[in-house]
Amino acid sequence: MAEAPLVRLDSVAKQFGTGEAAVRALDGVSLAVAGGEVVGIRGPSGSGKSTLLNVVACIIAPDAGLLALGDSVVWQGGRYQVADLRSLRRNRIGFIFQFHNLLPFLDATDNVALAMTLAGAELDAARVRARGLLHFLGVGRRAAAMPARLSGGEAQRVAIARALANDPPIILADEPTAALDSERARTVMDLLRRVARERGAAVLVVTHDEKIFDRFDRMVALRDGRIDEAA
Amino acid sequence: MNLALRDIRHRLGRFLITCLGVGLLLGVALAMVGIYQGVVAEALALTRSLAAELWVVEAGTRGPFAEASRVPGDVREIVARVPGVAAAGSITLRTAEMAAPGRIIRAQVMGYEPGRPGGPSSISSGRGLGGSRLEMVADRRAGLALGDTVTLGGDRYRIVGLTRDLVASGGDPLVFIHLRDSQDLQFKLAPPAARRAAAAGAGGSGTDTVNAVIARLHPGAEADAVADTIRRWKHLAALTDAEQAELLTRSVVNRARAQLGLFTVVLLFVTAVIIALIIYTMTMDKLREIATLKLIGAPDRTIAGLVLQQALLLGLAGFAMGAALLFAVRDKFPRTVALGPAEVAAMLGIVVAICILGSIVSIRAALRIDAQAALGG
């Protein structure tokens with residue numbers, strides 16, 4: 001396992017609302033995920049799993065604490081330390097969604113290539129690489145298919161290919177197997193493990209799905225915004 | 001990779017139907033612009049066709065279009081002798097209903113003397129009036145054909161020539177007949193009335209009266225100066241062609257023009273609101289896609305470009321459909337729909353402006369979409 005963490009949270013706190021309606025979604029969470037490591041985040045609804053993922057994705061700003069991605073401190077001292085968060089997401093973070101979120105008007109190849117062109121790649125080169133990724137993930141034959149014609153498992157693999165498009169060191173997945181049956185869920189998790197192993201990426205997965213718990217290097221349980229060490 | 005085009009291609013049927021709706025709306029707006037221009041064009045069609053440089057009418061009037069005007073027939077000779085005048089012709093003008101087989105045609109009947117100013121500048125088919133009386137040259141809008149006969153004032157006229165797009169300011173087609181026929185039609189009393197007038201000692205019913213005398217000038221002659229000369233005789237009024245055109249557009253058709261103009265503005269405003277709402281709906285339909293784009297790092301310009309390009313494509317495709325539709329049916333309109341390249345280009349510019357302005361709200365909404373919306377179910 002790699003030694004330097006690619007994702008690091010130190011005492012991160014996030015509260016929604018004020019007064020009696022205040023909810024402490026994250027309450028002093030500290031977590032480090034190294035390259036090549038696949039970490040699962042689990043916990044009951046409202047425990048802060050999604051908030052944690054959103055904070056790492058720089059979608060939600062924490063109230064306190066420190067967030068570092070790779071060797072860059074992204075959040076500290078009550079403000080972001082990086083000006084262009086979208087560029088950060090584009091180049092350093094790959095997302096996998098619960099319902100794949102492929103753009104319905106692009107075929108599988110272009111859904112993957114889009115992420116590369118947004119990062120500045122030439123379209124032709126991006127398409128070549130996209131097809132390569134689709135082959136790597138076992139959906140090369142479906143490269144020209146529109147998302148509506150892909151099965152759930154195929155669509156999720158295309159989504160994983162898109163997440164890998166820019167070779168991001170960090171991959172965040174939000175319930176990536178929720179819409180899949182057991183077999184496909186395990187296949188997707190094996191792919192993520194393979195990506196982590198072969199590319200040295202840090203993979204952080206929010207999941208409720210007990211059937212894939214054995215596919216993680218480490219599980220982190222959240223309860224009421226805190227890491228539940230006992231679990 | 002052009003996301004706007006790819007999205008449109010993906011939902012092509014829906015996009016085309018939306019374009020058709022926008023096109024129908026823009027077609028109506030374009031038609032209103034054309035009708036607005038047509039009112040002016042129709043008002044000036046006769047004066048342009050006559051190519052008169054001077055209109056001599058009854059003193060104290062601004063006839064024959066704005067007010068009734070009567071001048072003696074011999075005024076033509078007097079005007080013809082005024083220095084600077086090259087040719088003069090008498091005209092009469094009145095609205096009448098003619099009976100054609102199976103229908104009644106309302107028309108503006110103009111009498112003139114063939115060979116003198118007052119006739120149509122061009123005949124699209126057939127010929128102009130010849131030496132025989134009871135001949136008629138009619139505009140195509142009257143729906144008559146060469147050789148047809150119509151009844152007017154108890155006489156039967158034969159159509160010998162047809163003109164194109166010559167209508168009165170009210171939209172009625174123009175028909176031309178001999179001055180003498182027109183004077184009889186307008187001023188000659190019916191036999192019983194003539195007998196009553198004679199019995200009352202009113203004398204004979206002289207008909208050598210015309211509504212105006214029009215003149216063409218020698219090259220280099222100043223229309224204003226010649227008009228001043230004629231006005232100085234006191235018993236006549238004279239208008240230059242420019243004054244007549246001003247009178248027609250500012251006075252005779254002013255209310256119609258203002259009404260149409262205001263309606264056109266209202267219609268364009270409604271069009272702008274509807275297009276803006278359509279663009280907004282199209283954008284909000286892509287909420288999840290836009291959130292996903294943000295989450296995978298698409299810059300604001302990509303998202304704004306997606307909305308703006310689709311708005312412009314919608315507007316341009318709709319405009320093309322609307323314009324094509326209108327040009328296909330514009331001859332079916334009862335009144336002139338005058339649309340030249342300038343009007344079409346101006347309308348296209350307005351549509352582009354509407355699309356750009358209409359997409360601003362949608363772009364702002366799209367940029368406010370939270371990337372978080374892409375997460376979860």
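Let's start with one pair of residues: A:Ile171 stands opposite A:Val203 in strand β9 of chain A. A word on what we are looking at: this is a predicted model, where local features need pLDDT of at least 70 and side-chain atom pairs count only at pLDDT 80 or more, while totals for chains, interfaces and linings use all residues. Residues are numbered from 1 along each chain as its sequence is written, chains are lettered from A and ligands numbered from 1 in the order in which they are written, and side-chain values use heavy atoms, with hydrogens and water left out.

Back to our strands. Helices (H or I, at least four residues) and strands (E, at least two) are DSSP runs, numbered from the N terminus. Two strands pair if DSSP finds at least two bridges between them. In chain A, β8 (residues 170-174) and β9 (residues 202-206) pair in the parallel sense over five bridges. Strand β7 (residues 93-96) of chain A also pairs with β8(A) in the parallel sense, over four bridges. There, A:Phe95 has A:Leu172 as its bridge partner in β8(A).

Is β8(A) enclosed or open? Five of the five residues of β8(A) are buried, so the strand is largely enclosed by the rest of the structure. Buried means under 20% relative accessible area, exposed means over 50%, and partly exposed is in between (1.4 Å probe, protein chains only). In a regular strand the side chains alternate between the two faces of the sheet. Here, A:Ile170, A:Leu172 and A:Asp174 point one way from β8(A), A:Ile171 and A:Ala173 point the other way, and all are buried.

Now a loop in chain A. A:Glu37 is found between β2 (23-34) and β3 (38-42). A:Glu37 counts as buried because its relative accessibility is 5%. What does its side chain reach? Another is the side chain of A:Arg218, joined to that of A:Glu37 by a polar contact of 2.8 Å. A polar contact is a pair of N or O atoms within 3.5 Å; within protein, one must be able to donate a hydrogen and the other to accept it, and residues adjacent in sequence count only if both atoms are side-chain atoms.

Next, salt bridges. A salt bridge is a side-chain nitrogen of Lys or Arg within 4 Å of a carboxyl oxygen of Asp or Glu. How many are there over all chains? By this rule the count comes to 33. One of them joins A:Arg24 and A:Asp27, whose closest N and O atoms are 3.4 Å apart. A:Arg24 is partly exposed at 42% relative accessibility, whereas A:Asp27 is buried at 19%. A:Arg223 and A:Asp228 form another, with 3.5 Å between the closest N and O atoms. In that pair, A:Arg223 is partly exposed at 46%, and A:Asp228 is partly exposed at 22%.

Over in chain B, the side chains of B:Glu77 and B:Arg76 meet in a salt bridge, 3.3 Å from N to O. B:Glu77 is partly exposed, with a relative accessible area of 34%, while B:Arg76 is buried, at 9%. Salt bridges that share partners also join B:Asp7, B:Arg11, B:Lys286 and B:Glu289 into one network.

Staying in chain B, look at helix α7 (residues 241-252). Its residues B:Gln244, B:Leu247, B:Leu248 and B:Thr249 are buried. The buried residues of α7(B) pack against α2 (12-50), β1 (54-58), β12 (236-240) and α8 (254-284) of chain B.

Finally, where do the two chains meet? 26 residues of chain B are in contact with 25 residues of chain A, contact meaning heavy atoms within 4.5 Å. Chains B and A bury about 2400 Å² between them, 65% of it on carbon and sulfur atoms. Buried area is the accessible area (1.4 Å probe) that two parts lose on being put together, summed over both. B:Met1, B:Leu295 and B:Ile296 supply 28% of the area that chain B buries against chain A, more than any other three residues.

There are two salt bridges between chain B and chain A. A:Asp110 forms a salt bridge with B:Arg6, the closest N and O atoms being 2.7 Å apart. On chain B, α1 (3-10), α9 (287-295) and α10 (300-329) each supply at least two residues of the side that touches chain A. Which helix gives the most to that side? α9(B) does, with six residues.
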